[in-house]
Amino acid sequence: MAYDEGLATLLRDDLADHYGLSEKRMFGGLCFLLHGNMLCGVHKGGGMFRVGKDNETEALAIEGARPMDFTGRKMGGMIDVDDDLMADDARRAAVLALALDFVAPLPAK
């Protein structure tokens with residue numbers, strides 16, 4: 001898999017206290033799922049977060065975040081983040097909080 005294991009470790013540490021967390025190789029990287037629902041992940045060059053459409057504008061206002069468009073089309077409710085954002089504890093925590101706000105209430109799969 002083409003992802004930075006150091007970035008994966010950062011997210012593992014950030015999510016260590018959350019029950020129902022699992023990992024799955026997806027999108028050419030590693031995704032973290034909360035009760036079976038995709039929450040966030042890492043890929044070569046950064047990470048991605050499922051913030052939901054209601055949180056998307058707030059997430060995109062964070063320096064280093066951009067719309068996710070792996071397929072050439074924007075994926076609503078998903079954002080892509082660069083290595084600099086991933087390395088910044090405060091910005092990473094802000095984006096992760098938005099993702100948890102969206103994913104935590106979803107029914108388990």
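A quick definition before we start: helices here are DSSP runs of H or I with at least four residues, strands are runs of E with at least two, and both are numbered from the N terminus. Keep in mind that this is a predicted model. The chain averages a pLDDT of 94, and 99% of the residues score at least 70. Confidence is highest in helix H4 (residues 89-103), at 98, and lowest in strand E1 (residues 21-26), at a mean of 93.

Start in helix H4, where Asp 89 and Arg 92 both sit, 3 residues apart, or about one turn of the helix. Their side chains meet in a salt bridge, 2.9 Å from N to O. Is Arg 92 buried or exposed? With a relative accessible area of 3%, Arg 92 is buried, because the cut-off for that label is under 20%. Another salt bridge joins Arg 91 to Asp 88, with 3.5 Å between the closest N and O atoms. Asp 88 has a relative accessible area of 27%, so this residue counts as partly exposed.

How many salt bridges does the structure hold? There are 7. One of them pairs the side chains of Lys 74 and Glu 56, at 3.0 Å from N to O. This pair links distant parts of the chain: Glu 56 belongs to helix H2, while Lys 74 is in the loop between E5 and strand E6 (78-82), 18 residues apart. Glu 56 counts as buried because its relative accessibility is 7%. Elsewhere, Glu 5, Arg 12 and Glu 23 are tied together in a network of salt bridges. The general idea behind such contacts is simple: side chains of opposite charge can pair when their charged atoms come close.

On the surface, Asp 4, Glu 63, Asp 83 and Asp 84 gather in a patch of negative charge. Take Glu 63 from that group: you'll find Glu 63 in the loop between helix H2 (53-60) and strand E5 (65-67). Its relative accessibility is 62%, so Glu 63 counts as exposed.

One last stop is Gly 28, in the loop between E1 and strand E2 (29-34). Gly 28 counts as partly exposed because its relative accessibility is 43%. Which distance separates Gly 28 from His 43 in space? From C-alpha to C-alpha it is 6.5 Å, although the two are 15 residues apart in sequence.

How values were computed: Residues are numbered from 1 along each chain as its sequence is written. This is a predicted model: local features need pLDDT of at least 70, side-chain atom pairs count only at pLDDT 80 or more; totals for chains, interfaces and linings use all residues. Side-chain values use heavy atoms; hydrogens and water are left out. Patches are made of residues with over 30% relative accessible area and no salt bridge: like charges are joined within 9 Å, nonpolar side chains (Val, Leu, Ile, Met, Phe, Trp, Tyr) within 5 Å. Accessible areas come from the Shrake-Rupley method with a 1.4 Å probe; for residues, only the protein chains shown count as cover. A salt bridge is a side-chain nitrogen of Lys or Arg within 4 Å of a carboxyl oxygen of Asp or Glu. Lys and Arg count as positive and Asp and Glu as negative; His and the chain ends are not counted. The place of a charge is taken as NZ of Lys, CZ of Arg, CG of Asp or CD of Glu. Buried means under 20% relative accessible area, exposed over 50%, partly exposed in between (1.4 Å probe, protein chains only). pLDDT is the predictor's confidence in each residue, from 0 to 100.
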